[in-house]
Amino acid sequence: MSSRKRKRESKPAKSDLISQLPDSILHSILSLLPIMTAFRTSVLSSRWRYLYKDFPLRLSDYFFNLDTRPPHNRLHMPDPVVRDPWFSWLRMAVFSIFNSHHGPIEILELSLFFSFEMDRFVKTAVQRGILELKLVPFGFGRDTYELPLSLLSCNTLHQLSLQSCRFPQALLPSIFPNLRELRLDSMPLPNDLLSKCPSLETLVISTYYDGPSISISSQSLRKLVFHLDSTPTELIIKNAPNLESLMLADEATITNKLKVLDAPKLQRLGFINANVRAIQLGRTVIQQHKESLKSLPPTFQVNVTPCRMNMLSSVKTLAIKMEHYFEKPIPMILKCFPGLENLDIMKYKGNGDKCYLDKGMWEEQGSLSFLGHLKTVTMKGFWGDQCDVELLRYLVVHGKVLQTITLLCSKHITKNFVDIKKRQICIEKRASSNLALVFFRDTKENVHFSLWNDMIYY
């Protein structure tokens, strides 16, 4: 026997410490890896051959596409896409991983499959205790997928996101028994859906609604979001005793009517557009005069109608959108929220536009009740014109507990500009000694807030 061979045989074999871990720990490790990486571990050794088949599966064909497609082709789908070899390979890879997996399924997101292919995925996922499901039938909106009854009765499902799908015409008396979050895109909302979901806390509706009005009644709902400008002609919050957050597209209240009738726990509300068509908040109704819809500036009227709530005293955070034509309804809106603590204002106008401001309008208001609670104010799109200055001066002079005013400026900030605006706003006459006035350059210059992240909305 050669010396080299004896030396190799005498050397102790390296121990594989990771492979000696229990299956439960290895499953946790695999669940943190991209699905393709976890799938490839099956070739490491006989110990790893079947591990990926039993760990909790989290499969998203969208992110699977990003992980596997060559960088120069990512997010690019040729026309027609179904003839793309990479698209075909991707579908086969997802099929292979899904069919060979035998463990529980936690998350499943599908967007590369046609409606007639969805059933086998959905039914298997329901049988294996699916927690989060997202379905986007392939076909660029030309195809819709009818949800199977087995999904509607799934008691493990917590989050469901649907696009271009449809509910069965006849719904079960109770559906989605443990569903917490529902997102609907490009599809209608059945009238009796919410009353049949006993645990639903979050509802998000995007881009399309089929109907002239929608009435929300839910004992469990806590958060309601309408993206874009897809709200119906009339949105009525009729009976939502646990609703805490209502988020609307920033143009929603211009062309649509909003009625908040019974939401005693509502804490976050917006966007309320100052160019409001008609809005009922508690007992207060604010609407434009019909004859002034085409005039500048328009005129508004305030009516009081019977309602189950006197005021929206529970609202702590409010977002409003306003421009130079529509300053007058702002005091009317703010009077509805006596307990307001956080106010976010978004301006949309260009520099130099004429400001239609009623002189002395804010001084005539006196000290409104919400000023005893208001702590933070954010204004996006601050140009420093008269309308902005008058409003901020009123808040500074009367805000007794005001802590911070943040101004996101749409122009270059100079020391001279800041000094002039502080003087015009009368910062030296502030009612709160702890008040800080902060100027920021808005480099992004977005025309709208992004989904109320920390209420700058989502």
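**Figure 1. Serine 206 in strand β8 of the predicted model.**
Serine 206 has a relative accessibility of 12%. The cut-off for buried is under 20%, so serine 206 counts as buried. The residue belongs to strand β8, which spans residues 202-206. Glutamine 163 is 43 residues away from serine 206 in sequence. In space, the two C-alpha atoms are 9.2 Å apart.

**Figure 2. Serine 186 and methionine 187 in the loop between β7 and β8.**
The loop links β7 (181-185) and β8 (202-206), and serine 186 lies in it. Methionine 187 sits in the loop between β7 and β8 as well. Serine 186 is partly exposed, at 32% relative accessibility. Methionine 187 is buried, with a relative accessible area of 1%. Serine 186 has a phi near 60 degrees, a positive value in a residue other than glycine. Most residues other than glycine have a negative phi. Methionine 187 and phenylalanine 167 are 20 residues apart along the chain. Their C-alpha atoms are separated by 9.2 Å.

**Figure 3. Serine 164 between β5 and β6.**
Serine 164 occupies the loop between β5 (159-163) and β6 (165-166). Its phi is near 55 degrees. That is a positive value, and serine 164 is a residue other than glycine. Is serine 164 buried or exposed? At 8% relative accessibility, serine 164 counts as buried.

**Figure 4. A cis peptide bond at phenylalanine 271.**
The bond in view runs from glycine 270 to phenylalanine 271. Its omega is near -10 degrees, and the bond is cis. Most peptide bonds are trans. Phenylalanine 271 is part of strand β14, residues 268-273.

**Figure 5. Strand β21 and its parallel partners β20 and β22.**
Strand β21 covers residues 404-409. Five of its six residues are buried, so the strand is largely enclosed by the rest of the structure. Strand β20 (residues 376-382) runs parallel to β21, and six bridges join them. Across this pairing, valine 377 stands opposite isoleucine 405 of β21. Strand β22 (residues 436-441) also runs parallel to β21, again with six bridges. Here leucine 407 has phenylalanine 439 of β22 as its bridge partner.

**Figure 6. Packing of helices α10 and α11.**
Two packed helices are described by the angle between their axes and the distance between the axes. For α10 and α11, the angle is about 60 degrees and the axes are 8 Å apart. That angle makes α10 oblique to α11. On the α10 side, the contact is made by Val389, Leu392, Arg393 and Val396. On the α11 side, it is made by Lys421, Gln424 and Ile425.

**Figure 7. Packing of helices α5 and α6.**
Helix α5 covers residues 85-100, and helix α6 covers residues 115-127. Their packing angle is about 30 degrees, with the axes 12 Å apart. Angles under 35 degrees count as roughly parallel, so α5 and α6 are roughly parallel to each other. The crossing of α5 past α6 is left-handed. Which residues make the contact between α5 and α6? Helix α5 contributes Arg91, Val94, Phe95, Phe98 and Asn99. Helix α6 contributes Glu117, Arg120, Phe121, Thr124 and Ala125.

**Figure 8. Strand β11 paired with β9 and β13.**
Strand β9 (residues 213-217) pairs with strand β11 (residues 234-239) in the parallel sense. Five bridges make this pairing. Isoleucine 214 stands opposite leucine 235 of β11. Strand β13 (residues 257-260) also runs parallel to β11, and four bridges join the two. Isoleucine 237 has valine 260 of β13 as its bridge partner.

Key. Residues are numbered from 1 along each chain as its sequence is written. This is a predicted model: local features need pLDDT of at least 70, side-chain atom pairs count only at pLDDT 80 or more; totals for chains, interfaces and linings use all residues. Side-chain values use heavy atoms; hydrogens and water are left out. Buried means under 20% relative accessible area, exposed over 50%, partly exposed in between (1.4 Å probe, protein chains only). Two strands pair if DSSP finds at least two bridges between them. Axes are lines fitted to C-alpha atoms, for helices over the stretch in contact, and angles run from 0 to 180 degrees between N-to-C directions. Angles under 35 degrees count as roughly parallel, over 145 as roughly antiparallel, 65 to 115 as roughly perpendicular and the rest as oblique. A crossing is left-handed if the near helix is turned anticlockwise from the far one by less than a right angle, and right-handed if clockwise. Contact means heavy atoms within 4.5 Å.
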